[in-house]
Amino acid sequence: MLIAADKFKGSLTAVQVAERVTAGLRRIVPDLQVEAMPVADGGDGTVDAAVAAGFERREVRVAGPLGDEVTAAFALRGDTAVVEMAEASGLQRLPAGVFAPLTASTYGSGELLRAALDAGARTIVFGVGGSATTDGGAGMLTALGAHFLDKDGEPVAPGGGGLEALATADLSALDPRLASVDLVLASDVDNPLTGPKGAPAIYGPQKGASPEDVRTLDAALAHFAKVLEESFGPRAAEHAAAPGAGAAGGIGYGALLLGARFRPGIEVMLDVLGFGPALERADLVITGEGSLDEQTLHGKAPAGVAAAARAADKEVVAVCGRLALSPEALGRAGIRRAYPLTEVEPDVAKCIADAGPILERVAEQIARDFLS
């Protein structure tokens, strides 16, 4: 039995999901052999998933999205590091109810990357998602040595809004170690930097951006890319239009400028976590996340787990808080059956508040259906 589920956002971490499912299964089959491999798709929880798989947790003090110092973590095993931008620049780093769509910066994410380099990393998996920022990665690049100046030769203000005033861009002083590192941009979205499907339009409202803010940010990021194109040639424009450039408020664009390779986050994480060997040992795989819906089918962790399991001819079932996919859609994704918490407890508020005990009851049912 292999449990490879993502978090139930707002209720349970991926590690807690695995613990609760294991407890429920063993109530029905006490001697069941269970292997737990919490997974993530590059967003928040990615470092925790790596640590659960045996990576060492490293903590550093970096700038949060508003510039205040926070303690953020990355994961290290050998010369491979897993860096999660949300640890430094995520929405969870903002005070409750506070948004800063125009001024939030990714500077701390650059500091996290620098800390990974200092720790000797030669391969860096850079998981992006859950960001509070829409600055195109300008803050991250600044932390790594870039200079973005206005017409008076002064640094532009932090955040995407400050890029309106950008006059010159200089990347010549970027940390030289970046040239010899394999940087992998791990994300579950493939949006470009700007335009109707770009970072401000699609994800800005989630970060508190008003329609006017979205227009401001889209114009500022387009200007950012234009100045970089003038300085560094057509590749800067190509990167802006590339899949993944719009990930996490455009930090994907900054990563591509650093030479990153874009890969679907769950595929990268399954490789890093050693999912293949664990899958070979399993006869049934349980995956899941808080909400199984249309978004799940587009690069989220359960879809990636199910695709890998189907390729290995392994049966997959899923647990979730809420189910919004038909049996046919689940089948096409390689999931035989899904078990939502709402089947046990119809009250959604109770499902959120008491997710752990309810999930154990769901796991008992899985054991009855598949193991008894």
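Q: By the ring-centre rule, how many aromatic pairs does the count come to?
A: This is a predicted model in which local features need pLDDT of at least 70, side-chain atom pairs count only at pLDDT 80 or more, and totals for chains, interfaces and linings use all residues. Residues are numbered from 1 along each chain as its sequence is written, and side-chain values use heavy atoms, with hydrogens and water left out. Rings of Phe, Tyr and Trp (its six-membered ring) pair if their centres lie within 6.5 Å; planes under 30 degrees apart are stacked, over 60 edge-to-face, and the rest tilted. By this rule the number of aromatic pairs is 2.

Q: What is the geometry of the aromatic pair formed by Phe148 and Phe224?
A: The ring centres of Phe148 and Phe224 are 5.4 Å apart, with 75 degrees between the planes. Phe148 belongs to strand S7 (residues 147-149) and Phe224 to helix H7 (residues 211-232), so the pair links parts of the chain 76 residues apart; helices (H or I, at least four residues) and strands (E, at least two) are DSSP runs numbered from the N terminus. The geometry of this pair is edge-to-face.

Q: Is Phe148 buried or exposed?
A: Buried means under 20% relative accessible area and exposed over 50%, with partly exposed in between (1.4 Å probe, protein chains only). The relative accessibility of Phe148 is 5%, so this residue counts as buried.

Q: Which residue forms an edge-to-face aromatic pair with Phe224 at 5.8 Å centre to centre?
A: Phe224 itself is buried, at 0% relative accessibility. The planes of this pair stand at 80 degrees, and the partner is Tyr253. Because Phe224 lies in helix H7 and the partner in helix H9 (residues 247-257), the pair ties together parts 29 residues apart in sequence.

Q: Which residues does Gly250 touch, not counting residues up to four places away in sequence?
A: Gly250 is placed in helix H9 and is buried, with a relative accessible area of 0%. Contact means heavy atoms within 4.5 Å. On that basis Gly250 touches Gly136, Gly137, Leu193, Ala199 and Ala245.

Q: Where does Thr134 lie?
A: Thr134 has a relative accessible area of 1% and is buried. Beyond its neighbours within four places in sequence, its contacts include Pro101, Lys207, Leu221 and Gly249. Its position is the loop between strand S6 (123-127) and helix H5 (138-143).

Q: What is the phi of Ala248, which is not a glycine?
A: Most residues other than glycine have a negative phi. Ala248 lies in helix H9 and counts as buried at 9% relative accessibility. Its phi is positive, about 50 degrees.

Q: Is Asp313 buried or exposed?
A: Asp313 also has a positive phi, of about 60 degrees, and is found in the loop between helix H12 (301-311) and strand S12 (315-323). With a relative accessibility of 71%, Asp313 counts as exposed.

Q: What percentage of the 372 residues in the protein chain is buried?
A: The protein chain holds 15 helices and 13 strands. Its C-alpha atoms fill a box of roughly 75 × 45 × 35 Å along the principal axes. The share of buried residues is 55%.
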